[in-house]
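The following questions and answers concern the structure shown below.

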Amino acid sequence: MATAATSRGFTMPFNLRLRRADVATLNDKNGVLEMRRKKRRLLTSDWGVVKCCCSDSVVPIRMATGSGNNVEKCEDWRFDMKKSQNSQVVRAPAMRFASPQPRFISKQDKFFPRCSPRNSGPQSRDSPPKRDTGIANEKDWGISLLNENVNESGTNEDGSTWYRESGEDLGENGYRCRWTRMGGQSNDGTSEWKETWWEKSDWTGYKELGVEKSGRNAEGDSWWETWREVLHQDEWSNLARIERSAQKQAKSGTENAGWYENWWEKYDAKGWTEKGAHKYGRLNEQSWWEKWGEHYDGRGSVLKWTDKWAETELGTKWGDKWEEKFFAGIGSRQGETWHVSPRGERWSRTWGEEHFGNSKVHKYGKSTTGESWDIVVDEETYYE
């Protein structure tokens, strides 16, 4: 039995119990979310307050909220570490799903005109998205879902029109979806753009952020993109999972050119991770493809692979692919580079490496032109 002082100046008894629990932590390292589970000895009381008996504090999930300029801020999906060295008890905050909060509020104006005064219309997006090499998180997109039902439209000084509407849908099991739709077009109708933003949640702990955009401009360029970030509990393993995905595509209106990308990332609380992407592009007479993937089993095993190839309308083809597998410093790499002429003549070079974990590496390979090698060298093994 112990007592605790309250803000009103008197003490009251409460019961303490010691138990073991699994605690899942989530770290953000260079843009990659990592979750780890640790065995903790937790101190609980009749108040429902919790304190770790080890050096770390309990790591709750917190959904931050904020307001300013009548616009809700973006949400940080993260685990917030609250540490208390002077107090005897730390109360675990309740999980909430609310509007996001941007990391740099002072840079809010750079995001989108939805942060502008209420009666001003959103600006036209008349250029296609740029290709990138990753999936941006919600803070970088400047998500701002309005906290009230809105249905408004207007005409700008240049004659272009715009509209903006938002609402909330409710369903069974605490389902809640807040959404915002906006769009517009130029005075002559040659340019048009649309956007839809949403955030979803329910009583199971499911949370989702997403957006879909599309548009076209006076030059005939058109584009479409969408992305989602989901936090949920796997129904089979009961592990927390994070999944991110994005699709982007664009097409030129002045030449035979376009590109498409599909990205995904998946994580669970035991360290299992999967990443991958499929890409396709075309520029006049040349087309190219790229696929890659990464798989981590959470116990030290790593698999990575890449496959790229291209071709021209004349029949020339070429490509490169490789794969690597490692566990505890022992593993292998292998790959192939190849080329096919318009007449069907094929050239290729294959290669491989065996890493034994003792600073010895066996390297071998051959080509269709008679090259070959088979050696063992002293070389340190490096892999992520």
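Q: In which sense do β22 and strand β23 pair, and over how many bridges?
A: In this predicted model, strand β23 covers residues 346-355. Its pairing with β22 is antiparallel, and the number of bridges is ten.

Q: Which residue of β23 stands opposite W338?
A: β22 comprises residues 330-340, and β23 comprises residues 346-355. The residue in β23 that stands opposite W338 is S348.

Q: Which residue takes a positive phi in the hairpin of β22 and β23?
A: Five residues lie between the strands of this hairpin. The positive phi, near 90 degrees, belongs to G344.

Q: How many bridges join strand β21 to strand β22?
A: Strand β21 spans residues 317-327 and runs antiparallel to β22. In the hairpin of β21 and β22, with two residues between the strands, A328 has a positive phi near 55 degrees. The bridges that join the two strands number eleven.

Q: Is T381 buried, partly exposed or exposed?
A: T381 lies in the segment after β25 (372-378). Its relative accessibility is 25%. Because buried means under 20% and exposed over 50%, T381 counts as partly exposed.

Q: How far apart in space are T381 and H355, C-alpha to C-alpha?
A: Beyond its neighbours within four places in sequence, T381 is in contact with F326, G329, H355 and V361. T381 and H355 are 26 residues apart in sequence. Their C-alpha to C-alpha distance is 6.7 Å.

Methods. Residues numbered from 1 in each chain as written. Predicted model: local features only at pLDDT ≥ 70, side-chain atom pairs only at ≥ 80, totals over all residues. Heavy atoms only, no water. Helix = DSSP H or I, 4+ residues; strand = E, 2+ residues; numbered from the N terminus. Buried < 20%, exposed > 50% of the residue type's maximum accessible area, 1.4 Å probe, protein only. Contact = heavy atoms within 4.5 Å. Pairing = 2+ DSSP bridges.
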